[in-house]
Amino acid sequence: MKPSLLRRLIIVVLFLLAVVAVSGGVWRYGYVQALAQLAQRGKADLSLATDRLTGQLQLYQQLAVLTADHPTVQAALTSGANDELQNLLQKSADKTAALDVFLADADGRVLASANQSDPADIDTTPYFVRALQGALGEGHGTRQDTGNRVYYFAAPSFGKDREVVGVLVVVANIDRVESDWRGARPAVFFSDDRNEVFISNRSELLFWRQGENGRLFPPAGPEPAFAIGHIGAYELWLTDWSPYVPGRALHLHQDLPIIGMRAEALIDVDPARRLAALQAAVVAAVFLTFGAFLFLATERRRTLAEANARLESRVQERTKELSEANVALRHEVAERTSAETALKQAQADLVQAGKLSALGQMSAGISHELNQPLMAIQQYAENGSAFIARAKPERAADNLQRISDMAARMSRIIKNLRAFARNESEPVGKVDLVQVIETAVELAAARLKSDHVTLDWDPSRYNGPVWARGGDVRLTQVFVNLINNATDAMLDQEDRQIRIIINNSSKLAVTVRDIGPGIKEPDKVFEPFYSTKTVGSSEGMGLGLSISYGLVQSFGGNIRGSNTTTGAMFTVDLEYWQEEDVA
């Protein structure tokens with residue numbers, strides 16, 4: 001192997017190793033940053049879950065305290081149980097969905113029960129003993145007669161001399177408490193002082209026991225796979241417990257002394273890993289592209305240097321021959337002239353090659369222009385499939401025709417690239433703004449319906465087309481982006497409405513208004529990669545509004561965002577189509 005070739009090979013290998021190292025560093029940094037955001041959101045979710053649990057249990061706690069002082073209860077403890085007491089306990093259980101409500105005297109004898117039950121040995125239970133001491137008693141366990149997981153609240157009932165003469169016990173059904181948030185994300189479980197999972201929104205984890213290192217063991221059967229890892233300050237659990245428990249999860253915990261339990265959450269980190277991998281891939285692509293151009297430039301310079309060296313050597317040889325043999329003067333002059341001509345031709349070819357290379361770099365930007373009609377084709381195809389499934393072939397055929405039109409538009413884009421190579425470009429055309437918005441509304445119709453968004457848009461109020469200067473596909477994508485962003489902004493509220501109005505007075509403008517929380521930073525909303533969405537998700541990278549801004553600018557218009565008293569409003573300023581624009 002030639003030394004020069006070996007040297008170039010070593011440089012390429014070292015460069016690739018450097019790219020791998022930098023990409024790895026970017027991946028780790030991006031992963032840690034994504035985990036930080038994931039941990040912040042996870043802590044909020046865990047706090048919400050704990051607040052919901054304690055809030056539901058406090059309902060039964062308050063029921064026990066209030067009912068213990070009821071005159072009917074006081075009378076029953078003095079003169080004995082009666083039908084009025086039975087009716088009171090039954091109504092209390094029915095209204096609060098309690099599993100049972102019963103009254104016992106100071107000796108532990110049950111005087112009355114909402115469900116006619118007669119729990120045994122309650123006088124030795126910690127919650128009953130605590131209530132006899134004049135305080136609110138609490139406890140949990142599994143009820144022997146029904147097998148239900150229950151939480152007990154025991155409230156003392158005082159006599160005239162302020163001594164405890166009875167205890168009213170409310171039995172909360174944990175299955176009922178869990179029913180409102182079972183299966184929700186993230187996976188949350190609550191362990192008691194025996195390190196046993198007593199409450200969880202993943203039923204397969206119930207009654208698992210927790211070891212010293214946090215590892216969970218099932219009540220029966222083989223031990224599942226488990227490992228603990230750390231990325232920065234974050235603890236990751238690697239599990240194989242259930243299809244509904246993430247295999248790679250961020251572990252968070254929070255003590256709940258108010259109910260004597262420990263809350264823990266497992267948050268899926270796969271979205272964070274994908275985001276970090278995407279960031280590392282982008283950095284690697286940038287470095288590889290820069291390295292490739294640098295390598296090609298170096299190779300071109302080396303080739304020119306070798307050609308110049310060979311040429312100089314040849315000139316020296318010819319000069320020496322001229323000094324030795326004057327007879328060969330004409331022949332040497334002819335050769336030198338031929339060599340100079342070849343050099344000039346080579347230089348001209350190199351200039352042309354550089355031009356074509358530059359044109360090739362510029363054509364890379366067409367990928368975004370092709371992506372817009374592809375996204376529209378995808379939406380029409382999905383709509384077409386939905387119409388076929390609903391036995392609406394006419395509507396499906398209409399969508400197929402729209403897909404054909406989009407394909408024709410893609411053909412024009414590719415044709416525009418060829419024209420660009422010849423310093424030609426396809427001019428901006430005459431578009432019907434009403435039809436463009438109609439198309440955008442049709443593309444977003446399925447999303448609006450599934451998210452229960454009311455759309456206020458009436459094309460009939462404009463009495464025909466409104467001609468604007470722009471491009472059909474690109475303007476459609478702008479309004480699809482605005483509709484989708486408005487929908488995303490209102491997902492956390494019940495009332496959702498979008499209003500689209502064309503102001504076709506002296507100046508042409510379109511407003512897209514929602515009733516969401518508004519724009520947090522209007523000055524930054526059009527910056528690339530600016531987004532208010534949570535990190536993973538399946539919800540975007542913050543490029544939609546930035547791309548829309550560039551598209552509207554290319555038509556000679558402008559787009560701006562602002563806040564109103566009811567939400568956010570985006571205004572798209574466009575130019576009317578003038579017949580002089582044809583020229």
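A search of the whole structure, which is a predicted model, finds 22 salt bridges. Side chains of opposite charge can pair when their charged atoms come close. One of these pairs joins Arg-109 to Asp-105, with the closest N and O atoms 2.8 Å apart. Arg-109 counts as exposed because its relative accessible area is 52%, whereas Asp-105, at 10%, is buried. Another salt bridge is formed by Arg-447 and Asp-451, whose closest N and O atoms are 2.5 Å apart; here Arg-447 is partly exposed, with a relative accessibility of 25%, while Asp-451 is buried, with a relative accessible area of 15%.

A further salt bridge brings together the side chains of Asp-456 and Arg-499, at 3.3 Å from N to O. This pair links distant parts of the chain, since Asp-456 belongs to strand β15 (residues 454-456) and Arg-499 to strand β17 (residues 497-504), 43 residues apart. Asp-456 is partly exposed, with a relative accessible area of 25%, and Arg-499 is also partly exposed, with a relative accessibility of 38%. Elsewhere, salt bridges connect Asp-192, Arg-194, Glu-196 and Arg-209 in a network.

From the charged pairs we turn to the spaces inside the model. Rolling a probe the size of a water molecule over the atoms shows where empty space is left. The most comes from α6, with 4 residues. Sorted by class, the lining of the largest cavity has 3 nonpolar residues, no polar ones and 4 charged ones.

The second largest cavity contains about 40 Å³ of space and is lined by Met-375, Ala-376, Gln-379, Leu-443, Gln-477 and Val-480. At least two residues of this lining come from each of α8 (366-389) and α11 (472-489), and α8 gives the most, with 3 residues. In this second lining, 4 residues are nonpolar, 2 are polar and none is charged.

The last stop is the surface, where Leu-6, Leu-9, Ile-10, Val-13, Leu-14 and Leu-17 form a nonpolar patch with about 540 Å² of accessible area together. Leu-6, one member of this patch, lies in helix α1 (residues 3-68) and is partly exposed, with a relative accessible area of 40%.

Conventions:
Residues are numbered from 1 along each chain as its sequence is written. This is a predicted model: local features need pLDDT of at least 70, side-chain atom pairs count only at pLDDT 80 or more; totals for chains, interfaces and linings use all residues. Side-chain values use heavy atoms; hydrogens and water are left out. Patches are made of residues with over 30% relative accessible area and no salt bridge: like charges are joined within 9 Å, nonpolar side chains (Val, Leu, Ile, Met, Phe, Trp, Tyr) within 5 Å. Accessible areas come from the Shrake-Rupley method with a 1.4 Å probe; for residues, only the protein chains shown count as cover. A salt bridge is a side-chain nitrogen of Lys or Arg within 4 Å of a carboxyl oxygen of Asp or Glu. Buried means under 20% relative accessible area, exposed over 50%, partly exposed in between (1.4 Å probe, protein chains only). Ala, Val, Leu, Ile, Met, Phe, Trp, Tyr, Cys and Pro count as nonpolar, Asp, Glu, Lys and Arg as charged, and the others, Gly among them, as polar. On a 1 Å grid over the protein atoms alone, a cavity is a set of points where a 1.4 Å probe fits but cannot get out, and a pocket is an open set with protein on both sides within 12 Å along at least five of seven lines; lining residues have an atom within 4 Å of a point. Grid points are joined across faces, edges and corners, and a volume is the space filled by probe spheres set on the points.
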